[in-house]
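Me: Can you walk me through this one? I'd like to start with the rings, then move on to other things.

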Amino acid sequence: MERRDKVNYYLDLAETVLQRGTCLRRLFGSVIVKNDEVISTGYVGAPRGRKNCSDMGYCVRQKMQIPRGERYELCRSVHAEANAIISAPRSEMIDSDIYLVGKEVDTGEYVKNASSCSMCKRMIINAGIKRVIIRDDRDNYRIVDVREWVDNDESLEAARGY
């Protein structure tokens, strides 16, 4: 059996975590790692105590045909990155990495050009996370230096979507 490289190992873990997700459009899983130790995990789902879209049988944003990356205030879910950050102390997240995997519910394919939304980017910046590693396919990924998000502030351009 061939041993998986470390980055893909953590991405595989994030992919396992996403299976807990309850979104009807896209499932995301995230894992925060520092010094080769898992700090926390997160997946997409409604806040504790609220009904998930999977329980209700519909997605409000999907029903309204809202494009990807827009009108997140209508979404019932807390994003995977946010859930992982909420579950970890900031002192353990400083200079950590967050691994992110997204899959389309309808097809099971990896989300093309996946990235954190603008709200999650702000949380990642404030959490002190250093890098975001995003899976593009089973073996390939991108590494984003969070400093790029600080230096290239998309909110100044009123950019939409991701």
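This is a predicted model: local features need pLDDT of at least 70, side-chain atom pairs count only at pLDDT 80 or more; totals for chains, interfaces and linings use all residues.

Me: Which ring does the charged end of K63 sit over?

Reply: That of Y58. The distance to the ring centre is 4.3 Å.

Me: And ring on ring: how many aromatic pairs are there in the whole structure?

Reply: A search of the whole structure gives two. One is Y9 with Y10, an edge-to-face pair. Their centres are 5.1 Å apart and the planes are at 65 degrees. The other is Y10 with Y99, which is tilted, at 5.2 Å centre to centre and 40 degrees between the planes.

Me: What does the Y10 and Y99 pair tie together?

Reply: Parts that are 89 residues apart in sequence, because Y10 lies in helix α1 (residues 6-18) and Y99 lies in strand β3 (residues 97-104). Y9, Y10 and Y99 form one aromatic cluster.

Me: Is Y10 buried or exposed?

Reply: Buried, at 5% relative accessibility. Y99 also counts as buried, at 4%. Y9 is partly exposed, with a relative accessible area of 47%.

Me: Back to α1. What else is buried there?

Reply: Besides Y10, the buried residues include V7, N8, L11, D12, A14 and E15. V17 and L18 are buried too.

Me: Which strands do the buried residues of α1 pack against?

Reply: β1 (26-34), β2 (37-43), β3, β4 (131-135) and β5 (141-145).

Me: How far apart are the end C-alpha atoms of α1?

Reply: 19 Å. At 1.5 Å a residue, its 13 residues should span 18 Å, so the two values agree.

Me: What happens at the start of α1?

Reply: A side-chain oxygen of D5 comes to within 3.3 Å of the backbone nitrogen of V7.

Me: Is C120 buried or exposed?

Reply: Buried, with a relative accessible area of 1%.

How values were computed
Residues are numbered from 1 along each chain as its sequence is written. Side-chain values use heavy atoms; hydrogens and water are left out. Rings of Phe, Tyr and Trp (its six-membered ring) pair if their centres lie within 6.5 Å; planes under 30 degrees apart count as stacked, over 60 as edge-to-face and the rest as tilted. Buried means under 20% relative accessible area, exposed over 50%, partly exposed in between (1.4 Å probe, protein chains only). Helices (H or I, at least four residues) and strands (E, at least two) are DSSP runs, numbered from the N terminus. A charge sits over a ring if NZ of Lys or CZ of Arg is within 6 Å of the ring centre and within 35 degrees of the ring normal. The expected span of a helix is 1.5 Å times one less than its number of residues. Contact means heavy atoms within 4.5 Å. A polar contact is a pair of N or O atoms within 3.5 Å; within protein, one must be able to donate a hydrogen and the other to accept it, and residues adjacent in sequence count only if both atoms are side-chain atoms.
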